[in-house]
Amino acid sequence: MDAAAPAPPHPHRQMTTPASPSIETLTEVNLADLLDSIGLLRLRGTPLSRLFLPAARRFARTAHEFDTRVGAHGLSQGSAWLVNRMTAGIVTAGLEHVPASGPVIILANHPGMTDTVALFTSLAFRPDLRVIASDRPFLRALPHVARHLIFLPDEEGGRMAVMRAAARHLQEGGALLTFPAGEIEPDPAAFGPQRAAASLQNWSSSYTLFARLAPRTQFVPALVSHVISSDAQRHPLTLLRRTPHDKEKLAAALQVALPRYHDLVARVSFGTSTDAGSEGAQALGASIAAQMRHLIFADGATQPTAGSMDTLQRADVTRA
């Protein structure tokens, strides 16, 4: 089966199908994800799991409203609503580097769940944006959001279908967002630029194949930071996790689950646009990695200014 989702809806068209998921369905999915991030998935279905039910249900209501708004108003407007709920605002730098039309791939780091909606909001001028996303029950439970996604299966056998679907979208002049690390990465504002830069070693270079499959494609790196609270990293539940990666995964889950961590101003910075040129895939990969390192260390030297989402919306996303 082709992994591509149907074409995204017109941003102002009221969607009647598919039906929005029930809050109970989303609650169960969120509860399983939260238990998994804590390392207590074995408690699923037991009375002890009910301790985490209020947090799971609270975010389920938010996710249900988010999906409904995406269905009614499009991905960027629905995401702007969620950013307003989950953060204290968003500032953006380098947005002028993203082509307003034509094939482009945005290559972003992945410090936490809020980073995706910050990117969707920033890229509102590309309503043709499609996203390569890991195939997870939570995303499948958001049917309107899923229409904008190209699901990446865990099995290697299904990945060629993803590449074909993504290449076809680029060949038609579309915009594509992907996360080359394929997993949660350190937020440079929370864990420091050295750790964030080191995580680039885990980036897959598969995106360079699109230089051959869709030769007109532009490649733009993007850095998202200030989306993981240092307080979330120190939550007592993180003591249950042993490895830094598992602690970061849990902190990201707590970031979205608990309202007291929603006081950060997210920052999205875009690097310059690059094509493969005549130097090939290896040079393209090296160029993207160098730009990402520059964005990471430059981010540490500046701080975003706080502002309400309403103000940033009226300004069509602040550009630093």
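**Cores and aromatic pairs**

The largest nonpolar core holds 65 residues, and those with the most contacts inside it are Ile106, Leu119, Leu177 and Phe270. H2 gives the largest share of this core, eight residues. A nonpolar core is a set of buried Ala, Val, Leu, Ile, Met, Phe, Trp, Tyr and Cys residues joined through side-chain atoms within 4.5 Å. Buried means under 20% relative accessible area, exposed over 50%, and partly exposed in between (1.4 Å probe, protein chains only). A second, separate core has 28 residues, including Ala165, Phe210, Phe219 and Ile296.

This is a predicted model: local features need pLDDT of at least 70, side-chain atom pairs count only at pLDDT 80 or more, and totals for chains, interfaces and linings use all residues. Residues are numbered from 1 along each chain as its sequence is written, and side-chain values use heavy atoms, with hydrogens and water left out.

Now the whole protein. There are 14 helices and eight strands. These are DSSP runs numbered from the N terminus: helices are H or I with at least four residues, strands are E with at least two. Of the 320 residues, 53% count as buried.

Next, contacts, meaning heavy atoms within 4.5 Å. Of the contacts with a separation of 6 or more, 79% involve residues 24 or more positions apart. Take leucine 177. Leaving aside neighbours within four places in sequence, leucine 177 touches Ile106, Ala108, Leu119, Phe120, Leu129, Arg130, Val131 and Ile132.

Aromatic rings come next. A search of the whole structure finds two aromatic pairs. Rings of Phe, Tyr and Trp (its six-membered ring) pair if their centres lie within 6.5 Å; planes under 30 degrees apart count as stacked, over 60 as edge-to-face and the rest as tilted.

Phenylalanine 59 and phenylalanine 138 form a stacked pair, 5.9 Å centre to centre with 25 degrees between the planes. Phenylalanine 59 lies in helix H2 (residues 53–73) and phenylalanine 138 in helix H5 (residues 137–140), so the pair ties together parts 79 residues apart in sequence. Phenylalanine 59 counts as buried at 17% relative accessibility. Phenylalanine 138 is also buried, at 18%.

Tyrosine 207 and phenylalanine 219 form a tilted pair, 6.3 Å centre to centre with 50 degrees between the planes. Tyrosine 207 lies in the loop between helix H9 (193–198) and helix H10 (210–213), and phenylalanine 219 in strand S6 (residues 218–225), so this pair ties together parts 12 residues apart in sequence. Tyrosine 207 is buried at 7% relative accessibility. Phenylalanine 219 is buried at 0%.
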